[in-house]
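Have the sequence and the 3D view open side by side, and let's walk through them together.

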Amino acid sequence: MSRFSVALCCLALLFTNAALALDKERLWLPVKYQSLYLSLVKAAETAETLDRCAAVVEGTLDIDQSTPDHPIYRILCRQDNGLTYNEMVDGLTFTTLTTPGANQGNRWLEYVWKVCRNQLMERTSLMTELTWITDLRSPPQPDFWEGNKVQFVANFDARGVRGERLQYAAECTVSGGTAEVSIRKR
């Protein structure tokens, strides 16, 4: 191989890597979380390796889902069809939570249940004599699970304003990393 061919191959590799390189200027953290910047970069790189994520549009810390010792990152990805979606990435294990692989299903379910449990606790915090029928410590079997959309149902009892016993079912549906909770009588 001539020197010219070697130089041409190196130049082609350089431009290929530059085209695939993550635009770190699109990653943003609040000032008090700047120490997590390298972790955010790694999370964005993890999302970018997914077939579904053609390019990282932006990335940040998901403050609602994170705890001081366990960051969760929200990476906005563009798909090949031009549509965008949020890819959630665990800041400790750097596994994707929105697009689970075959071996990540249980970890993803645990994450989704944590999101649901937090929403359920918030929505029921003012109820009187609340008793959970469903064990909230570990994820129950999902009522519905297709792709990145999952739904759990958790049953609980409470007391009404006149002291009457009330029986409820809380449905939590998570899609794309966000949870919606609805409470109905059972």
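C116 and C172 form a disulfide, with 2.1 Å between their sulfur atoms; the term covers any pair of cysteine sulfur atoms within 2.5 Å. In general, a disulfide is a covalent bond between the sulfur atoms of two cysteines. This one links distant parts of the chain: C116 is in helix α3, C172 is in strand β7 (residues 165-175), and they are 56 residues apart. The link of C116 and C172 is left-handed, with -85° about the S-S bond. C116 counts as buried because its relative accessibility is 0%, and C172 is buried too, with a relative accessible area of 1%. Here, buried means under 20% relative accessible area, exposed means over 50%, and partly exposed is in between (1.4 Å probe, protein chains only).

Before going further, a word on what you're looking at. This is a predicted model, in which local features need pLDDT of at least 70 and side-chain atom pairs count only at pLDDT 80 or more, while totals for chains, interfaces and linings use all residues. Residues are numbered from 1 along each chain as its sequence is written, and side-chain values use heavy atoms, with hydrogens and water left out.

How many disulfides are there by this rule? The count is two. The other link joins C53 to C77, with an S to S distance of 2.3 Å. C53 sits in the loop between α2 (37-48) and β1 (55-61), and C77 sits in strand β2 (residues 72-78), so the pair ties together parts that are 24 residues apart in sequence. The torsion about the S-S bond of C53 and C77 is about -85°, so this disulfide is left-handed. Both C53 and C77 are buried. If you count bonded cysteines along the chain, the disulfides follow the pattern 1-2, 3-4.

Now zoom out to the whole chain. The protein has three helices and eight strands, running α-α-β-β-β-α-β-β-β-β-β from the N terminus on. Helices (H or I, at least four residues) and strands (E, at least two) are DSSP runs, numbered from the N terminus. Of the 186 residues, 39% are buried. Among contacts (heavy atoms within 4.5 Å) with a separation of 6 or more, 43% come from residues 24 or more positions apart.

Next, look for the aromatic rings. The structure holds three aromatic pairs. Rings of Phe, Tyr and Trp (its six-membered ring) pair if their centres lie within 6.5 Å; planes under 30 degrees apart count as stacked, over 60 as edge-to-face and the rest as tilted. The rings of W132 and F156 have centres 4.8 Å apart and planes at 50°, so this pair is tilted. W132 is in strand β4 (residues 128-132) and F156 in strand β6 (residues 149-159), so the pair ties together parts 24 residues apart in sequence. F156 counts as buried because its relative accessibility is 0%. Together, W132, F156 and Y168 form one aromatic cluster.

One more stop is T98, in the loop between β3 (84-90) and α3 (105-123). Is T98 buried or exposed? T98 counts as buried, because its relative accessibility is 3%. The side chain of T98 reaches the backbone oxygen of N86 at 3.4 Å.

How values were computed: A polar contact is a pair of N or O atoms within 3.5 Å; within protein, one must be able to donate a hydrogen and the other to accept it, and residues adjacent in sequence count only if both atoms are side-chain atoms.
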